[in-house]
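This briefing is for a reader who has the sequence and the coordinates at hand. The notes are grouped by topic.

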Amino acid sequence: MEDKPNNTVLIVGCGAIGQRVAQRLQAMGQPVAGLVRSAASVAQLRSAGIIARQCDLDGMPLPSACVAGCRDIFYFVPPPPEGNNDPRMAGLLAALNAQPRPRRLVYISTSAVYGDCHGEWITEAQPVNPATPRGMRRRAAEQHLQSWADAHGVQWIILRVPGIYGPGKLPLARLEKGLPVLREADAPWTNRIHADDLAAICVAAMAGKHANSVYNVSDGSPGNMTDYFFRVADAAGLPRPPTVARAGAEQVLSPGMLSFLNDSRRMDNRKLLEELEIELQYPDLATGLAACFTGQTPR
Ligand SMILES: NC(=O)c1ccc[n+]([C@@H]2O[C@H](COP(=O)([O-])OP(=O)(O)OC[C@H]3O[C@@H](n4cnc5c(N)ncnc54)[C@H](OP(=O)(O)O)[C@@H]3O)[C@@H](O)[C@H]2O)c1
């Protein structure tokens with residue numbers, strides 16, 4: 001076992017966002033390792049020049065050797081789909097009990113920890129009040145991370161992230177199926193961030209001078225959820241989806257979609273922009289969607 005942290009940055013859960021973060025770090029000359037669950041993802045990381053480590057956090061306990069010794073760790077694995085806790089986060093923290101511990105952990109959580117805010121603007125001072133099991137699992141993960149890191153003198157950053165969009169992250173399959181959405185008058189406020197801006201934010205959060213802090217992540221231009229689907233459809237040249245009234249929504253919308261309808265809020269991103277000195281590349285959906293549909297295929 002190494003007795004002092006090494007210079008390799010570890011991205012636990014090196015999927016769509018993790019790989020964008022890895023690209024940025026590699027461009028800065030930083031060695032990067034990614035931990036994933038599947039063999040297919042290992043192959044993908046290797047083809048991108050990322051050192052690959054494979055472990056299923058739902059299976060055997062995570063070996064300390066997979067994570068220990070890395071100075072900077074990003075944690076992007078979502079909680080499991082069931083329950084009110086996050087045993088995957090617990091597995092990571094147990095493995096990190098081995099010395100040497102990291103300098104800083106950056107965690108992507110979700111804005112679902114706030115619960116329904118009735119469309120109000122919220123800062124990071126808003127009390128958390130998750131209303132869905134999805135939000136409760138994330139809150140449990142945040143609490144576990146914070147208490148473990150504080151107890152061990154490890155710096156932490158929690159990013160409360162809303163809907164991520166970008167190439168490969170658009171609801172095109174849903175639109176192609178013509179699945180319904182709520183009519184605009186009933187649709188909740190939602191917030192978004194472009195995947196490339198989120199990757200830049202993650203890198204800045206790891207490098208920034210502020211530690212042990214929570215950030216609302218958003219492009220600062222909230223909109224209603226139905227308007228989002230309409231604008232993606234328009235940009236993709238697909239028909240706008242049919243709409244239903246709130247009263248009949250339970251019969252026609254999927255449980256996944258329904259779970260988002262009772263969470264309405266507008267996220268204030270001033271702390272993010274000021275403390276992390278972020279200049280967003282895509283400060284609204286118009287610029288972000290335009291970039292998705294020029295050049296590469298958006299899928
Ligand atoms: N989509 C959104 O709008 C949204 C909003 C807020 C927050 N988030 C969160 O943002 C984070 C990053 O998103 P993303 O798009 O990069 O996600 P992603 O592409 O699905 O990547 C998730 C990564 O976690 C790994 N993983 C999943 N389960 C695992 C397990 N049991 N053991 C080990 N590794 C496991 C996956 O490995 P394999 O590829 O091998 O399975 C993959 O590398 C996620 O936590 C996501 O939930 C997403």
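What follows covers the overall fold, the ligand shell, the nonpolar core and some local backbone features.

This is a predicted model, in which local features need pLDDT of at least 70, side-chain atom pairs count only at pLDDT 80 or more, and totals for chains, interfaces and linings use all residues. Residues are numbered from 1 along each chain as its sequence is written.

**Overall fold**

- The protein has 12 helices and 15 strands; helices (H or I, at least four residues) and strands (E, at least two) are DSSP runs, numbered from the N terminus.
- The radius of gyration is 19 Å, which agrees with the value near 19 Å for a compact globule of 299 residues; it is taken over C-alpha atoms, and the globule rule is 2.2 Å times the number of residues to the power 0.38.
- The C-alpha trace spans about 60 × 40 × 40 Å along its principal axes.
- Of the 299 residues, 39% count as buried. A residue is buried if 20 or more other C-beta atoms lie within 10 Å of its own, exposed if 12 or fewer, and partly exposed in between, with C-beta atoms placed from the backbone.
- Among contacts with a separation of 6 or more, 79% join residues 24 or more positions apart; two residues are in contact if their C-beta atoms, placed from the backbone, lie within 7 Å.

**Ligand shell**

- The ligand is surrounded by 23 residues, and the closest are Gly13, Gly15, Ser38, Ser41 and Pro78. A residue is near a molecule if its C-beta atom, placed from the backbone, lies within 6 Å of it.
- At least two shell residues come from each of α1 (16-27), β5 (104-110) and β8 (163-165), and α1 gives the most, with 3 residues.
- The shell holds 12 nonpolar, 7 polar and 4 charged residues. Here Ala, Val, Leu, Ile, Met, Phe, Trp, Tyr, Cys and Pro count as nonpolar, Asp, Glu, Lys and Arg as charged, and the others, Gly among them, as polar.

- The largest nonpolar core has 70 residues, of which Ile11, Val12, Phe74, Leu159 and Cys202 touch the most other members. Helix α7 (residues 195-207) supplies the largest share of this core, 8 residues.
- A nonpolar core is a set of buried Ala, Val, Leu, Ile, Met, Phe, Trp, Tyr and Cys residues joined through C-beta atoms within 7 Å.
- Leaving out residues up to four places away in sequence, Leu159 touches Val106, Tyr107, Ile108, Ser109, Ile201, Cys202, Ala205, Tyr215 and Val217.
- The 13 residues of α7 reach 19 Å from first C-alpha to last, close to the 18 Å expected at 1.5 Å a residue; the expected span is 1.5 Å times one less than the number of residues.
- Buried residues of α7 include Asp197, Leu198, Ile201 and Cys202.

**Local backbone features**

- Gln99 and Pro100 are joined by a cis peptide bond with omega of about -5 degrees; Pro100 is in the loop between α4 (87-95) and β5.
- His118, in the loop between β5 and β6 (121-122), has a positive phi of about 55 degrees although it is not a glycine. His118 is exposed, with 8 other C-beta atoms within 10 Å.
- Glu277 also has a positive phi of about 55 degrees without being a glycine. Glu277 lies in the loop between α11 (270-275) and α12 (285-292) and counts as exposed, with 11 C-beta neighbours inside 10 Å.

**Leu285**

- Leu285 lies in helix α12 and is buried, with 21 other C-beta atoms within 10 Å.
- Residues touched by Leu285, not counting those up to four places away in sequence, are Arg192, Ser221, Gly223, Tyr228 and Arg231.
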